[in-house]
Amino acid sequence: MKNLTIGPAQFNLLEKLCNAMAVSGDEGEVRKIVLEEVKPYADEVKVDALGNVLVLKRGRGKNPMRVLLDAHMDEVGFMIVEDDEDGIYRFELVGGFDTRHLAGKRVIVGREHLPGVIGAKPIHLETDDDLKHRIGLDALRIDLGPGGKAAVGDRATFAPNFKRVGPSILSKSIDNRIGVAILIELLKNAPSSVDLCMSFSVQEEIGLRGARVAGYYFDPQAAFVVDATPARDLPDYEGRENHSYNTKLGLGPAIYVANSSTMDDPRLVHFLEETAVREKIPYQLRQPGGGGTNAGALQKARMGVPVVSISVPHRYTHSPISISRVEDWRNTLNLLHAALKRMTPALVESR
Amino acid sequence: MTDILPFLKSLLAVSGLSAYETPAARLIEKQWKPLVDETGFSRLGSLHGLKRGSGKLPRPSVLIAAHMDAIGLMVSRIVDGFLCITEVGGVDPRVLPGTPVMVHASGSGEDLPGVVAMPPADLLPAGKGDGAIGLEYLLVDTGLAAREVSKRVRVGDLVAFNTEPVEMSGETVSGHSIDNRASVAALTVCLEELKSRSPVWDVWAVASSQEEETFGGAQTSTFQLRPSIAVAVDVTFAKGPGASGWETFPLGRGPTLGLGPNIHPFLHKRFIEIAKKAEIPYAIEPMPRMSGTDATSMQVTAEGVPTMVVSIPVRNMHTPVEVISLKDIQRAGRLLAEFVAGLEGDFMEKIIWE
């Protein structure tokens, strides 16, 4: 089988997607890019009541399986909540953050991407005791500079910073623009054997809300959730074995078995593994437990949907700069492509 | 008035941590060459620019020092392709997680971009992962495989902040190393202003090295050049989020004039007179003990030198997102030029205590 490749066009698209701002509930920038990309390749495109982009590409032949691929478009970010005057604003978090990633970072604010910073008190003015404690959210502000103008309700996020370095990508919002990029590439190379449904979903980071209605809309026979999953494959400070790495960079797509809100469908887990072995594509099983993806919402759509999550590992989730491996991106893309080609309704008709 | 922004931005983009200032020094030398009569380097790496005065020999001289070195990090250990780090200058580890950095890899001579990583709590000793994470537990990740890292990076390699400079509202600029490249820019404004003036005194413009670690650059340059008086140009704390005490000054409303034991009161008074005459806004900055600037060491060099400190307010000092007002840089530069141009031949005879 001919492998799909990651070339300049794919890098450019991912860069555009990562550098866009799409804080949960305000996904317009990414939605615009997605609509431009999918329209020439889709049979139906619809933007629903929540802002999900729902795409259908019909298969040919008899009785094609109705398969849903989901990737969330939204990212964790900030909302301006109070004007402290003269370009300084209080902000709230949208989605899960470790607030220790916030001080000393560049941000962009609002539709115009106004440049700003989240500053910190100079070390010279801190006491030794201050330095032992975290800088709390209530001490942090977004500063646009004197006279800077944002509006309460404006969204903000970390400043764009996409970079390719050796085998890796460094960027904000790899979670989950890499999933969005994979879906777009699969649509462009859609196998004709399935009715391919795609949800580019909203509001994943604040409770899997977009996927819930997308699952209802499509009523698929099976679903794949394509996301970015944390790789916590760092060395232990005291040299002990790292038992809770979740996933590791470079070992291939991470197939989920279970997380805090989903038992992934064992037939689909097995099918992905079998496909990977057949196609000689490396893969890893994400360590079970914790975390969550849109699978949690999709599996309970209507009368239920067999679902499995498959993710690209990335280090430093929900931080200003995450790191992923290009080979994991390519292998995730190809594993899904190979899997789609092999899918028939029989896969989920018996236990 | 010349536009200092392009030069400032190029200064903020060039590396030069304490004792490794050469890339910054070369850039500054290029900018200063047309503005001074000669340039040279000190044994510790400070850049000296001499603009000769019009007075009779032997002429008095004023040394104006703006340190060009920057704070940052240094590789202390390499573990599985991750870099352990220590600090160069004073760094608050709490601003580091997620910070973009540039590793100056001496093994291969490359600059490798990377990010400061905060390991999950369960990979740190008990209790060390919950609050503020200490510098010793943070890592730098270059995105390269472990074997590639060990080929390229060595212990002792420099790790600089890599936030790109950006213009913000109110004619401000944000970036790293604004402390103290902004003052180098102000000193450059001063030299440009002096081009059309003809000061009586010799002027030594000094981009000093190693301020953030030892004050050693300015101290040794002062000994070498033996100026009659010396002025340190540095940054001070601007009022802003988290900073509102007596040590802080409004951003964009002029430089500050230091007052305290590191400063000769007669020079302080003269700067106030000059600022008033030139209608340059300023604030008085109380410096009750050490000024924390090059003046601290310049004052006690050789037989002692009358010193002054002029500072430019900056927000978030020593973070990767310092913020400064371009107008304040221009004002500090113009104030220095007015001071220098106004130094009369017998000024030294006027410097009296009581």
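Axes are taken as lines fitted to C-alpha atoms, for helices over the stretch in contact, and angles run from 0 to 180 degrees between N-to-C directions. Helices (H or I, at least four residues) and strands (E, at least two) are DSSP runs numbered from the N terminus. The model is predicted, with local features requiring pLDDT of at least 70 and side-chain atom pairs counting only at pLDDT 80 or more, while totals for chains, interfaces and linings use all residues. Residues are numbered from 1 along each chain as its sequence is written, and chains are lettered from A and ligands numbered from 1 in the order in which they are written.

In chain B, the axes of helix α1 (residues 5-13) and helix α4 (residues 178-194) come within 10 Å and cross at roughly 145°. Helix α1(B) contributes Phe7(B), Leu8(B), Leu11(B) and Leu12(B) to the contact, and α4(B) contributes Ile178(B), Arg181(B), Ala182(B), Val184(B), Ala185(B) and Thr188(B); two residues are in contact if their C-beta atoms, placed from the backbone, lie within 7 Å. By class, this contact has 8 nonpolar, 1 polar and 1 charged residues, where Ala, Val, Leu, Ile, Met, Phe, Trp, Tyr, Cys and Pro count as nonpolar, Asp, Glu, Lys and Arg as charged, and the others, Gly among them, as polar.

Chain B also holds a closed barrel of 6 strands in the order β4-β5-β8-β7-β6-β9, with antiparallel pairing (two strands pair if DSSP finds at least two bridges between them). From one strand to the next, the twist averages 45°. Strands β4 (residues 72-79) and β9 (residues 158-161) of chain B are joined in the antiparallel sense over 2 bridges, and Met74(B) stands opposite Leu158(B) in β9(B).

Chain A is divided into domain 1 (8-75 + 172-348) and domain 2 (77-158), with bounds from an automatic or database domain assignment. The C-alpha centres of the two domains of chain A lie 31 Å apart. Their contact takes 11 residues from domain 1 and 12 residues from domain 2. The side of domain 1 that touches domain 2 has 4 nonpolar, 3 polar and 4 charged residues.

Between the chains, 53 residues of chain A are in contact with 56 residues of chain B. On the chain A side, β6 (105-109), β7 (114-118), β10 (163-165) and β11 (168-171) each give two or more residues; the largest share, 3 residues, comes from β7(A). This side divides into 23 nonpolar, 16 polar and 14 charged residues.
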